[in-house]
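Work through the exercises below with the model open. Try each task before reading its solution.

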Amino acid sequence: MNHIDHHTLELYVLQSDELPLSARQIDRHLGECAGCRDLYQEIVEYYRHAARRFEVNEERGVPVGEAIARRTREPLVQATLRANDFVRWEPGALSRLSAGFRRHPAAVGMGTFFLGATIWALLTVVPGFVADRNPTYAGLNPGTNKLEVYNESNEKLWEVAVTGIEAARGTEVRDHLPSVVVLDLDGDGQNEVVATLESVGGFRGGDGAALVVFSANGKIRWREAAEHPVQFRGEKYPHVWLSGGMLIGDFDGDGKKEIICRAFAGRSPSAILRFGIDGKVLGEYWHFGHLTKLGAVDLCRKGRAQLLAGGSNDADGEGDFGFIGVTLLDPGRISGKTEATLTPGFGYPPSTAELACVRLPNTPVNIRYHSKPGVDGIVIDSSASEQAARVWWVASVADGKIVLEYIFGPDLVLKALKSSDATIRLLTNLRDRGEMSSRDVEEFLPSLRPGVEYWDGGAWRKEPHLFDSRPE
């Protein structure tokens, strides 16, 4: 498959008339190619951020361009002379200072000594007095395997050795979850650096990633290896490691930030962990299956983000390959050790953080080929008046790939179901070989939509169900 280049996608986002491809061609390709969808979403987010920055500048009253032009047009000295006036020279501050130096050389020498000593003390003992020591952004350098931290003036403040840069970049591109975040965690005006990588400064997190929080000066404030042994239905699972990627925000509305991380070891079980800014584990949400995708979205219209988690349910399902599930969680209610209501067996109380659970049906094709489906991505769409979430259901079969797009609106209600052109070509080939009838192809999508089911706490049902007032 030929990918769409960055320039063309940028023109597409800007709705330019100079597109080398038609918008319809690009739409079709984005429906088939997860990589180009990710790049498209990054470009959209970039221009949204740029638009917000311009809005801030406009609020200051004078456009930047006009301010610069005004400065260059204004003379540094202005004078108005009448016909009989003359210009009189007055010594400036530097001239008066120079004259004083010539009259009192001894005092000047002592003053220079003390001034130099004061400057030396400020630069060595209190370096932050002159230099900007507050981190503004950080980057992962694969050439040196270092995490590099910079201030607002693009000056490097400090660096630390890390591993797992390529995996971190994959997480950022594939899942839209950062592996390094620079922000003020505790509200003291100084930014902290939060990183989740295979190892940070020699501290490892086993087979997955360690979570480390640095102070502004580069000292480790706290770290977590995510060693959380659990058991499920009698079988012990000694360790589940942080897999990388995080979300940070005030999720419970108490004015304090929290850190949300995924944890899994490439197989069941998996968990969502919630940390306080002091490193304390505030809550664990355990699920038997994969929770590989996370997105922050306000589908319940509460004014703060919920977590949309997508993955597989391996405890029960069709055949022995489970089914795709999407769960909407209130992250502020992930508290203590709890288990998903869909996969009981950890020995923990049922979670009260669940707001809705949706089961996406397997298709006749992936069941025939015994192909386990997965969530290829979750894209949060904030361009409409109400937020929406696009969940990409994918299963690889012998002749190609089935790609379905489930679009959910408020309260996780299904709004639309679409398929990619690659899926249509696959179904057409199966029909031509006599493995599917024309009617089966025509009814492929219509037959799936009624198969979407909502968990009501005890059974699956067709009607949307929202746990809006579950007990604490």
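## Confidence

This model is predicted. Its mean pLDDT (the predictor's confidence in each residue, from 0 to 100) is 80, and 77% of the residues reach 70 or more. Residues are numbered from 1 along each chain as its sequence is written; local features need pLDDT of at least 70, side-chain atom pairs count only at 80 or more, and totals for chains, interfaces and linings use all residues. Side-chain values use heavy atoms, without hydrogens and water.

**Exercise 1.** Find where pLDDT stays under 50 over residues 56-60 and count the contacts beyond four places in sequence.

Solution. Step 1: take a contact as heavy atoms within 4.5 Å. Step 2: residues 56-60 have 2 such contacts in the model. Step 3: go on to residues 62-91, where pLDDT is also below 50; this stretch has 7 contacts beyond near neighbours in sequence.

## Helix α1

**Exercise 2.** Which residues of α1 are buried, and why do they line one face of the helix?

Solution. Step 1: helices are DSSP runs of H or I with at least four residues, strands are E runs of at least two, and both are numbered from the N terminus. Step 2: apply the burial cut-off (under 20% relative accessible area, 1.4 Å probe, protein chains only). Thr8, Leu9, Leu11 and Tyr12 are buried. Step 3: look down the axis of α1. The buried residues fall within an arc of 160° (from directions axis to C-beta), so they line one face.

## Pocket and cavity

On a 1 Å grid over the protein atoms alone, a cavity is a set of points where a 1.4 Å probe fits but cannot get out; a pocket is an open set with protein on both sides within 12 Å along at least five of seven lines; lining residues have an atom within 4 Å of a point. Volume is the space filled by probe spheres set on the points, which are joined across faces, edges and corners.

**Exercise 3.** Describe the second largest pocket.

Solution. Step 1: its volume is about 720 Å³. Step 2: 25 residues line this pocket; Asp27, Leu30, Tyr40, Arg390 and Glu405 are the closest to its centre. Step 3: α3 gives the largest share of the lining, 5 residues.

**Exercise 4.** Which residues line the largest cavity?

Solution. Step 1: the whole structure has 4 cavities of 30 Å³ or more. Step 2: the largest cavity holds about 50 Å³. Step 3: its lining is His287, His290, Leu291, Gly311, Ser312, Asn313, Gly325, Thr327 and Leu342. Step 4: β17 supplies the largest share, 3 residues.

Conventions: Buried < 20%, exposed > 50% of the residue type's maximum accessible area, 1.4 Å probe, protein only.
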